[in-house]
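Me: I've got a protein structure here and I'd like to talk it through. Can you take my questions one by one?

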Amino acid sequence: MKRYFLLLLALILLLGGGYFALEAFKIEIKAKISQVLLKHSWKKTLISGNFQQPWSSFDGNPILLLHIPKHEITQVVLKGTSGQSLAFGPSYHLESFLPFEKGTTVISTHRDTHGLFIKKLIKGDLIKLQDQYKKWHSYSVDDLFILNVRKDTIALSEYDERLLIITCYPFDTLIAGTPYRYVVSAKKYLI
């Protein structure tokens, strides 16, 4: 009887621990699995030339492909910065310009899932964006800065071919919703 009780207790602890571990990693798991589905829909977008939904209940479309060779990062960028889009991948700000429109392109990402790479970027790093027409646009990181969204703004320019990647800051804080954002600024250049 004592052995049965110990086995039952071990099973309960194992299942409970598994549940809490799953809850802790659920966001990261969802981001990784969704990138597989998003990459598949991006391939279909490149073939058809029309944006393809990754699954029927999703409220957005893949709009760009982000590639950072040095850090082996390849992620699908989603159209719009709704909560659902940001939960599944980096997201393109609709008020900014697409790379072929020759203005400032702005992308936001979560610092603790698909945006983990941001804190590793340094000046001179190459960032590439692929558009739906299969054309690659290359950028070189030229500035890294922190802004306070309660006091600071970013001016978008239709004349400055630049990429801004934005995430919450500080990177390792347990508190969500701080007013600080870490911004990677990269100047467009021709290869």
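Predicted model: local features only at pLDDT ≥ 70, side-chain atom pairs only at ≥ 80, totals over all residues.

Me: Which ring does Phe100 pair with, and is the pair stacked or edge-to-face?
Reply: A search of the whole structure turns up 4 aromatic pairs. In one of them, the ring centres of Phe100 and Tyr133 are 5.5 Å apart with the planes at 70°. Planes over 60 degrees apart count as edge-to-face, so the partner is Tyr133 and the pair is edge-to-face.

Me: How many residues apart are Phe100 and Tyr133 in the chain?
Reply: Phe100 is in the loop between β3 and β4, while Tyr133 sits in the loop between β5 and β6. The pair links distant parts of the chain, and the separation is 33 residues.

Me: Is Tyr133 buried or exposed?
Reply: The cut-off for exposed is over 50% relative accessible area. Tyr133 has 53% relative accessibility, so the label is exposed.

Me: What kind of aromatic pair do Tyr169 and Tyr182 form?
Reply: Their centres are 5.8 Å apart, with 20° between the planes. Planes under 30 degrees apart count as stacked. That makes the pair of Tyr169 and Tyr182 stacked.

Me: Where in the chain are those two, and which residue joins them in a ring cluster?
Reply: Tyr169 is in the loop between β7 and β8, and Tyr182 is in strand β8, 13 residues apart. Tyr169 is partly exposed at 23% relative accessible area, whereas Tyr182 counts as buried at 11%.

Me: Which ring does the charged end of Lys128 sit over?
Reply: The charged end of Lys128 is 5.1 Å from the centre of the ring in question. The ring belongs to Trp136.

Me: Which residue takes a positive phi in the hairpin of β5 and β6?
Reply: The hairpin has 5 residues between its strands. The phi is near 75°, and the residue is Lys134.

Me: How many residues of strand β5 are buried?
Reply: Strand β5 covers residues 126-130 and pairs with β6 through 5 bridges and with β1, also antiparallel, through 3 bridges. In the latter pairing, Leu66 stands opposite Leu129. Strand β5 is largely enclosed by the rest of the structure because its buried residues number 4 of the 5.

Me: What is the order of strands in the closed barrel?
Reply: The barrel has 8 strands, and its pairing is mixed. The order is β1-β2-β3-β4-β7-β8-β6-β5.

Me: Which residue forms a salt bridge with Asp172?
Reply: Side chains of opposite charge can pair when their charged atoms come close. Here the closest N and O atoms are 3.4 Å apart, and the two residues are 53 apart in the chain, with Asp172 in the loop between β7 and β8 and its partner in the loop between β4 and β5. Asp172 is exposed at 66%, and the partner is Lys119.

Me: Which residues make up the salt-bridge network around Arg162?
Reply: Arg162 and Asp142 meet in a salt bridge at 2.9 Å, N to O. Arg162 lies in strand β7 and Asp142 in strand β6, so this pair ties together parts 20 residues apart in sequence. Asp160 and Lys187 form another, at 2.8 Å, with Asp160 in the loop between β6 and β7 and Lys187 in strand β8. Salt bridges with shared partners join them into one network: Asp142, Asp160, Arg162 and Lys187.

Me: Which residues make the nonpolar surface patch that includes Leu8?
Reply: Leu8 is in helix α1 and is partly exposed, with a relative accessible area of 37%. The patch comes to about 530 Å². Its members are Tyr4, Leu8, Leu11, Ile12 and Leu15.

Note on methods. Residues numbered from 1 in each chain as written. Heavy atoms only, no water. Buried < 20%, exposed > 50% of the residue type's maximum accessible area, 1.4 Å probe, protein only. Pairing = 2+ DSSP bridges. Patch = residues over 30% accessible without salt bridge, like charges linked within 9 Å, V, L, I, M, F, W, Y side chains within 5 Å. Areas by Shrake-Rupley, 256 points an atom, 1.4 Å probe, with all protein chains shown as cover. Salt bridge = Lys/Arg side-chain N within 4 Å of Asp/Glu carboxyl O. Phe/Tyr/Trp six-rings, centres within 6.5 Å; stacked < 30°, edge-to-face > 60°. Lys NZ or Arg CZ within 6 Å of the ring centre and 35° of its normal.
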